[in-house]
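Student: I have a structure open in my viewer and would like to talk it through with you. Could we start with the surface and then work inwards?

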Amino acid sequence: MSSEMTVWPSQSRDPAAPASAPVGKSENSSHHARIRVPRSVPRAVARGAAIVVVAALLVSLPLLVTDYVLSAILVPVLALALAGIGQNFITGYAGQLSVGSAAFMSVGAFATYDASSHLHGLPLLASFAFGGFVAGVVGLFFGLPSLRIRGFYLVVSTLAAQFFVVWLFTKVGWFSDYSASGVITAPKLSVAGFDLSSPGGHYWLSLFVVAPLTVLGRNLVRGRLGRSWMAVRDMETAAAVVGVRTEQAKLLAFGIGSFYCGVAGALWAFAYLGTVEPHGLDLDRSFQVLFIVILGGLGSIAGPFVGAAFVILFPVALDRLGSVLVGGSVDAGLLQNVEKIIFGALVILLLIKQPAGMARLLQIAWLRIGRWRPRQA
Amino acid sequence: MLRSRVSTYASILSAALLASACRSNSENAAASGAAPTIASSGPVVGKEQYFPLQSYRVGPYAAGGSGFFGGFIDYMQLVNIRDGGVNGVKLTWSECETEYVVERGVECYERLKGGLNGAPVAAMNPLSVGIAYATIDRQTADKIPLITINHGRTDSTDGRVFPYVFPLSLNPYSEISAIINYIGEREGGLDHLSGKKIAVLYHGSPYGKETQPIAELLAKKYGFGVTHIEVPHPGTEQESQWLQIKRLAPNWIILRGWGIMNPVAIKTAAKIGFPVDHIIGNIWSNSEEDVIPAGPAAVGYIAITTHPSGRDFPVLSEVDKYVLSAGKGNMADPKRVGTGYYNLGINNGILNIEAVRVAQTKFGNVPLTGEQVRWGFEHINIDGNRLKELGAVGLLQPIKVTCQDHEGGGAVRFVQWDGTQFKRISDWVKADRALLRPIIEDSSTKYAKEKGLSIRDCDGEAKL
């Protein structure tokens, strides 16, 4: 009992929880009711069991779902969620506005490609790590202006990264191994002798890259570095006064965030599309990643997953719904435009109703379910 | 507590994903039923052949998408209404909007590849380089032909390495070679090219740069000078490029443009006084949409095409008679029937249906698998007589596709804008394909090596 009481204050330190009084109250009041595990089972065991079940489910998904779900939904969701986590380090945690995430993804993808094409025999995962590292260095470089400027001015300087990277990869043939069209093609995917070229293999590769990085990211934002990021975000002057090394924190946010984006870009190019061209990861993709973070939840690790799933699934769902409801009777172009309007309207509605993002929305829904169940029992 | 919240999120997420997975599972199973068996067990008994359309009717490239897919659909409609399908096998299709976005196109591919109500997929026609690149591996694994008419990877012309990819009618290398041949013709023979100056004004993208090595090669061969001048995307400002052209004073300019860059180039040319009838637009600089915004400055502008605009071809009269006057036309604006993109769609329809027809001679008059239709594509042989039967003389070039050669054509016609329409000013001008073939094979074998692919033995297959 007491242990739970002591855990609660950490809630207020969690950036995903806005300091809104009504929600906080409802959580507190529902706190006892939420516990559904019998007292005799230690919580750690229950938690461990839940993690094992979820992990087993995630790993065995290729046996349960179609190739369509794997290769058209899950793989891009995982890749974009990873990019979203990277963006969240920079924007959601450290509070630095950036629209360069697609540029860092692009650097990661091309660096991974160059590593695997110029250094023969380099293991796939090592070239992913190399791609992420190069993207991290580039991100660090473009994060330098954040030491002097803020807000919209910083947006402009990250915008420069976006244009510079596209220009560089188009201009300099070496990066695409002198491919005539500038488009790079993923080599055959295999890790430690396992052939990963099937849709299930692409999914596993993504999962085994994204899952450890997610756990690492979660620990990172809960540790010293994450706290200094949040301090910088909430009030930079105060953070500096209490001894947070703000310059270091901001640069590390750009470096680590870009590392994540770089690995995400490599996944996007290698595990998802199998190809990438400089213009494939342009400013639109940066905005998409930014939307994923804003919709999913700024300053949260789960948020990017929810946001990425929404951004990928929602247009598909609307498209299918549209063709089922009025298929054939309405001009196809008109239907598409209506879908865009609905998508935009829903996003605005969501941001008004739940500015803390969809992860928060789901969390509240979960708490309500938890409160509701025991009363029935 | 945070730990448990994270696992909570994870379980919600996985539950949601699972739910969506189950939904699409059942939908796909209902839709595709026979799909997994098609590939292995020969023709499926049924009445329809399915063409999935990864179309784009909204977004920045909607003009191209709606015209192309409109023409394609109208042609399929014509075959259904006039002939009752291909030898009794009706054509069916459904659209999936891509907005020209690669991942939407991939999603559409994965969604539609299983067929429609048991009708097997014949081929995919995305009309997008990005989508085509992203689905090459998938379609090769799924054995579904990928048709990239007039675009796509140049080296996919080599069918030994790319068994399921067909850059039909014209690839970028053939395009530049045909343009040079035409310029040679205008100058009084290729030997008169020596000492001439040609500038290539290109869009700052992989597409724009693609033909540079070929232009250099041809320059060396014929002794003319070539200068490449880049216009950064989107190309609304070209003052400095045209100043450079003014200093250079080239004899001809080849415009490898895209979108807004084309009318701006034509207008700026007029401003500095460069004769617009010495500018030759490439395959993506040849539509009405490229010249009309330039107004009177565009009169005299020359462009290449594989699908001349106009409604005076017999096949278009048939479309008019059977489809449009029956109120079954696909175009929202009937005035666009016969424009460049629409006629490209008609050509694409003719080639796809011809492949089905050819494949039926071998596999029977039943709906065919992608693998069987691939055989049909590799045996397309449209000569002068066949063109007459199809009502497409002058609209489509003679095309003979083989296992080795997935392009099959490689010729273009030149058209000139007279202020209201494109006038045809040449017959089919051929590219020097024998010169280009080794370069294509170098690139494709490099690709095969990189991907660990084995090269098909075309002669061996032909004997089977």
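This is a predicted model: local features need pLDDT of at least 70, side-chain atom pairs count only at pLDDT 80 or more; totals for chains, interfaces and linings use all residues.

Student: Which residues form a nonpolar patch on the surface?
Tutor: The patch has about 400 Å² of accessible area in total. One of its members, I342(A), sits in helix 15 of chain A, which covers residues 332-353.

Student: Is I342(A) buried, partly exposed or exposed?
Tutor: Buried requires under 20% relative accessible area and exposed requires over 50%. I342(A) has a relative accessible area of 36%, so I342(A) is partly exposed.

Student: Now for the chains as a whole: what percentage of residues count as buried in chain A, and what percentage in chain B?
Tutor: Chain A, with 16 helices and four strands, has 377 residues, 52% of them buried. Chain B has 17 helices and 14 strands. Of the 464 residues in chain B, the buried part is 61%.

Student: Where does the salt bridge between E236(A) and K250(A) sit in chain A?
Tutor: The two side chains meet at 2.8 Å, N to O, and both residues are buried. E236(A) belongs to helix 11 (residues 236-241) and K250(A) to helix 12 (residues 246-273), so the pair ties together parts 14 residues apart in sequence. The places you asked for are therefore helix 11 and helix 12 of chain A.

Student: What does the salt bridge between R285(A) and E103(B) join?
Tutor: Here the N to O distance is 2.5 Å. R285(A) lies in helix 13 (residues 283-296) of chain A, while E103(B) lies in helix 4 (residues 102-112) of chain B, so what the pair joins is two chains.

Student: Are R285(A) and E103(B) buried or exposed?
Tutor: The cut-off for buried is under 20% relative accessible area. R285(A) counts as buried because its relative accessibility is 9%. With a relative accessible area of 10%, E103(B) is likewise buried.

Student: How many residues apart are R424(B) and D312(B)?
Tutor: Their side chains meet in a salt bridge at 3.1 Å, N to O. The pair links distant parts of the chain, with R424(B) in strand 13 (residues 422-424) and D312(B) in the loop between strand 9 (302-305) and helix 12 (314-324), and the separation is 112 residues.

Student: Which residues are linked in a network of salt bridges, and how many salt bridges are there over all chains?
Tutor: The network links E110(B), K113(B), R138(B) and D142(B). A search of the whole structure over all chains gives a count of 32.

Student: Last one: what is the volume of the second largest cavity?
Tutor: The structure holds seven cavities of 30 Å³ or more. Residues lining the second largest cavity include N286(B), H307(B), G340(B) and F422(B). The volume of that cavity is about 60 Å³.

Conventions: Residues are numbered from 1 along each chain as its sequence is written. Chains are lettered from A and ligands numbered from 1 in the order in which they are written. Side-chain values use heavy atoms; hydrogens and water are left out. Buried means under 20% relative accessible area, exposed over 50%, partly exposed in between (1.4 Å probe, protein chains only). Patches are made of residues with over 30% relative accessible area and no salt bridge: like charges are joined within 9 Å, nonpolar side chains (Val, Leu, Ile, Met, Phe, Trp, Tyr) within 5 Å. Accessible areas come from the Shrake-Rupley method with a 1.4 Å probe; for residues, only the protein chains shown count as cover. A salt bridge is a side-chain nitrogen of Lys or Arg within 4 Å of a carboxyl oxygen of Asp or Glu. On a 1 Å grid over the protein atoms alone, a cavity is a set of points where a 1.4 Å probe fits but cannot get out, and a pocket is an open set with protein on both sides within 12 Å along at least five of seven lines; lining residues have an atom within 4 Å of a point. Grid points are joined across faces, edges and corners, and a volume is the space filled by probe spheres set on the points.
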